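Me: I have a structure open and want to go through a few spots in it. Can you take my questions as they come?

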Amino acid sequence: MTAALLAPAGVFFLFLLIIPLAVVLVFSFGERAPAGGYAAAFTFDNYLNLPARSKAFINTLTLAPLGTLLTAIIAFPVAYFLAVKVSPRWRVTMLVLIMAPFWTSQLLRYYAWIMLLGAKGIPSWLALIGITDVRLINTPWAVLIGAVYGFLPLMVPPIYVSLEKLDKRLLEASADLGATPVSTFFQITLPLALPGVATGSMLVFILLMGDYILPQYLGGGKVFFIGNALVDLFLQSRNWPFGAAVSVALVLIMLVTIYAYMRFVLSRGDRRRAALV
Amino acid sequence: MKQNVIEFRNVSKLFGNVAAVIDNNLAVEAGEFLSILGPSGCGKTTSLRMMAGFEQPTSGEVYIRGENVTGVPAFRRPVNMVFQHYALFPHLSVQDNVSYGLRQRRPRPATADVAKAVDEALSMVRLDGYGSRRTYELSGGQQQRVALARALINRPAVLLLDEPLAALDRKLRRDMQVELQNLQRNVGITFLLVTHDQEEALSMSDRVCVMREGRLVQVGTPRELYDKPVNRYVAEFVGKSNFFKAGEAGKVTSVRPELIDVAKSKKALPDGLVTSTEAKVLNRIFLGEQTEYRVASESLGEFAVVTPRKAEREAGAFDIGDRIAVGWRAEAARLLPDE
Ligand SMILES: Nc1ncnc2c1ncn2[C@@H]1O[C@H](COP(=O)(O)OP(=O)(O)OP(=O)(O)O)[C@@H](O)[C@H]1O
Ligand SMILES: [Mg+2]
C-alpha cells in the first residue's frame with residue numbers, strides 16, 4: 001500500500017532527478033566533441049578547469065546569500081506587521097497584495113527595474129537632490145534589489161505563518177518579567193519565528209543560487225551567476241562536459257551549504273520542535 | 001497601619017460599550033493573600049491585567065506601593081503574574097524560563113548569582129534538579145510550579161495569579177492549594193488570586209473580594225463573607241443558603257442549611273428557636289461527613305437542611321417522605337437586601 005502510494009514520487013525522482021544527475025555526472029568526466037557537445041572520455045580536466053569560471057562562482061556565492069539575508073531582513077517586519085498588527089479581517093487581502101507582483105510576467109518586471117535603475121531612473125532623481133554619479137543598473141546592487149523584489153513574496157508567507165502561530169501571551173509574559181519590547185523581540189519573537197525564517201531563506205537561497213534571468217537582466221552580463229555560465233557553456237560554446245562539471249560543482253556547493261544551514265537550525269532540534277507546537 | 005501594595009482608585013474599564021470593571025476601589029495589603037471571586041465574565045481577569053499593566057483603566061488610577069502607576073507599561077511594574085495556561089517559553093529550558101526575569105535587569109546580575117537564585121526558586125517549588133529540562137516535557141502540575149518559580153524569583157510587590165489551578169485535575173488542585181498557601185507564608189509575598197471557585201477562595205485567602213458584573217460587592221475575611229454577607233448575591237455565592245420571603249419589601253431572610261435544627265417532632269426540637277415548623281423530607285443526599293436534606297413545609301416552601309453525621313448517629317437518619325420538625329435560632333436568620 002505504502003509502496004503503491006510512493007511509486008509516482010519514486011518514478012518522478014528516478015526520471016527527473018536521478019537519471020539526469022547521473023547523465024550530468026558522466027558528462028562531466030568527458031570531452032567536448034570537436035563540433036560541440038559530448039564525447040566519451042574519462043578525464044578530470046573539466047574540474048581542473050573550474051577556476052576559469054571563478055568569477056561566476058564568487059558572484060553567486062556572495063550575492064545569493066546576501067540577497068537571501070536582505071530579503072529575510074525586509075520580509076520579517078512585513079510578516080510581523082501582518083501577523084501581529086493588522087486586524088485578521090485585512091490579513092488575507094494584504095498577503096494577496098504582497099503576492100500580486102508574482103502574477104505579472106517576470107520579464108516584464110525586470111524590464112521595469114531596468115528602467116528604474118537605469119540612468120534615467122533613480123540615479124537621475126538622486127541627481128536632482130545633488131547626489132550625482134550613482135550607477136545602479138549592471139552592478140551587484142541592481143542584482144540585490146532585484147533579488148529582494150523578486151523573492152519577497154516567497155519569504156513573507158513562511159515567516160508570517162510562524163509569527164501568526166506565536167502565542168501572544170508569551171509576549172505578555174515576557175513584558176511581565178521586565179523585558180522591554182526590544183528584548184522581547186530578540187528573546188521571544190525572533191527565536192520562535194526562526195523555523196519560518198529558515199524555510200523562507202532556504203527557498204529563496206536555492207532559487208537565487210540557480211538563477212540566471214535576474215543577473216542577465218539586472219546584471220547586464222557584468223554581474224553574472226553560475227547559471228549564466230551554464231547557459232553560455234551549454235548553449236553558446238557548446239562545451240557540455242565543462243558545463244556538466246560546473247553543474248556538479250554547483251549542486252555540491254548547494255548540498256553542503258543547505259546541509260550546514262539545516263544542521264545549524266536543527267541544532268536547536270527540540271527548540272524548533274517546541275516552536276512548532 | 002499596613003501599607004497598601006496595590007490600590008485601585010475609582011478604576012473603570014470599558015471595552016467599546018462593554019463595561020468590564022466599574023468604579024472599583026480596592027486596596028491590597030502588604031503580605032496578605034487576597035482572592036477576587038466572581039462568576040465568569042465579571043471582570044476578574046481585566047482587573048488583574050490592569051494591575052499587571054497589560055490594560056490601562058478607562059478612568060481612575062492604579063497605585064503600586066503608594067506610587068501612581070497608571071499608564072506605566074507592564075515591563076516597568078514591580079508585579080509578576082502567573083498566567084492561566086502558564087505561558088512558559090517553549091524554546092527555553094526550565095532554568096532559562098525561571099531566570100528570565102533576573103536576566104532582564106540592568107545592570108545584569110552575575111551569572112553565578114542568577115544560577116543560585118534559580119536553584120533556590122526551583123527548590124522552593126520542589127523542582128530541584130529539573131533546571132535543564134524542557135518545559136513541554138513536564139506535567140501540568142510541574143509546569144504550574146515552573147510558572148510560580150519564574151514569577152517569585154523576582155520577589156514582586158504582588159504576585160498576580162489568574163485562575164492558576166483551573167487547568168489541573170481535582171486531586172492535584174487540592175494539593176496545589178495547600179502548596180500555594182504554604183509558599184505564600186514562606187516567601188511573605190503578597191498574593192492576589194483570581195478564581196471563580198468559592199471553595200478555593202475561602203480556603204486559601206486571608207481576605208476575599210466578591211465581584212459581580214464589574215463591581216466589587218464585598219471585601220472581607222472568608223468568615224465575614226460567610227457569616228455577614230452584605231446581600232443575597234454574596235450569601236448565595238459564598239457557601240449555600242436558603243432564602244425566605246421577609247416582611248420588608250426588597251429584603252429576604254437568609255438561613256444557612258447547617259444552622260437549621262431538625263428533629264423527629266416539634267417537641268424534640270431544642271428550646272429558643274424563633275421559627276419552627278413541620279416539614280416533609282423530599283430528598284436526601286449523603287455527603288459523607290454530613291447529609292443534605294431537601295424538605296418542604298407549608299409555610300416556608302422548599303429548602304435545604306444539612307445535618308452533621310454526629311447528630312445523625314444520635315437521632316438517626318430521616319427517610320424520604322418522613323414528616324419532621326425544623327427550626328432555627330434568631331441569630332441564624334439574616335435579613336438581607338434581595339439583590
Ligand atoms: N479585550 C477585550 N475586548 C472586549 N471585551 C473584553 C475584552 N476583555 C474582556 N472583555 C469583556 O469584559 C468582561 C470581563 O471580562 P474578564 O475577562 O475580566 O472576565 P473574568 O471575570 O476574568 O471571566 P472568566 O472567569 O470567564 O475568566 C467580559 O464581558 C468580557 O467579554
Ligand atoms: Mg478570567
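**A residue in chain A**

Reply: Start with A:Leu14, which is partly exposed, with a relative accessible area of 40%. Keep in mind that this is a predicted model.

Me: Which element does A:Leu14 lie in?

Reply: A:Leu14 belongs to helix H1 of chain A, residues 2–28.

Me: And which residues make the nonpolar surface patch with it?

Reply: The patch covers about 950 Å² and includes A:Leu14.

Me: Why is A:Leu14 called partly exposed and not buried or exposed?

Reply: Buried means under 20% relative accessible area and exposed means over 50%. A:Leu14 has 40%, so it counts as partly exposed.

Me: Switching to chain B. How many residues of helix H1 there are buried?

Reply: Eight of the nine residues in H1(B), which spans 44–52, are buried, so the helix is mostly covered.

Me: Which ones?

Reply: The buried residues are B:Lys44, B:Thr46, B:Ser47, B:Leu48, B:Arg49, B:Met50, B:Met51 and B:Ala52.

Me: What comes just after H1(B)?

Reply: B:Gly53, which takes a positive phi of about 100 degrees.

Me: Now strands. Which one does S1 of chain B pair with, and in what sense?

Reply: S1(B), residues 4–15, pairs with S4(B), residues 59–64, in the antiparallel sense over five bridges. Within that pairing, B:Arg9 stands opposite B:Glu61.

Me: What about S4(B) and S5(B)?

Reply: They are antiparallel too, over two bridges. S5(B) is residues 67–68, and its B:Glu67 stands opposite B:Ile64.

Me: How many residues sit between the strands of that hairpin?

Reply: Two, and B:Arg65 takes a positive phi near 50 degrees in this hairpin.

Me: There is also a five-strand sheet in chain B. What is the order?

Reply: S13-S17-S14-S15-S16, an open sheet with antiparallel pairing. S13 (261–263) and S16 (301–308) stand at the edges, each with a single partner strand, so one side of each has no neighbour in the sheet. The twist averages 40 degrees from one strand to the next.

Me: How many bridges are there between S15(B) and S16(B)?

Reply: Eight, again in the antiparallel sense, with S15(B) running over residues 290–297. In this pair, B:Val295 stands opposite B:Phe303 of S16(B).

Definitions and conventions. Residues numbered from 1 in each chain as written. Chains lettered and ligands numbered in written order. Predicted model: local features only at pLDDT ≥ 70, side-chain atom pairs only at ≥ 80, totals over all residues. Heavy atoms only, no water. Pairing = 2+ DSSP bridges. Helix = DSSP H or I, 4+ residues; strand = E, 2+ residues; numbered from the N terminus. Axes fitted to C-alpha atoms, helices over the stretch in contact; angles between N-to-C directions. Patch = residues over 30% accessible without salt bridge, like charges linked within 9 Å, V, L, I, M, F, W, Y side chains within 5 Å. Areas by Shrake-Rupley, 256 points an atom, 1.4 Å probe, with all protein chains shown as cover. Salt bridge = Lys/Arg side-chain N within 4 Å of Asp/Glu carboxyl O. Buried < 20%, exposed > 50% of the residue type's maximum accessible area, 1.4 Å probe, protein only.
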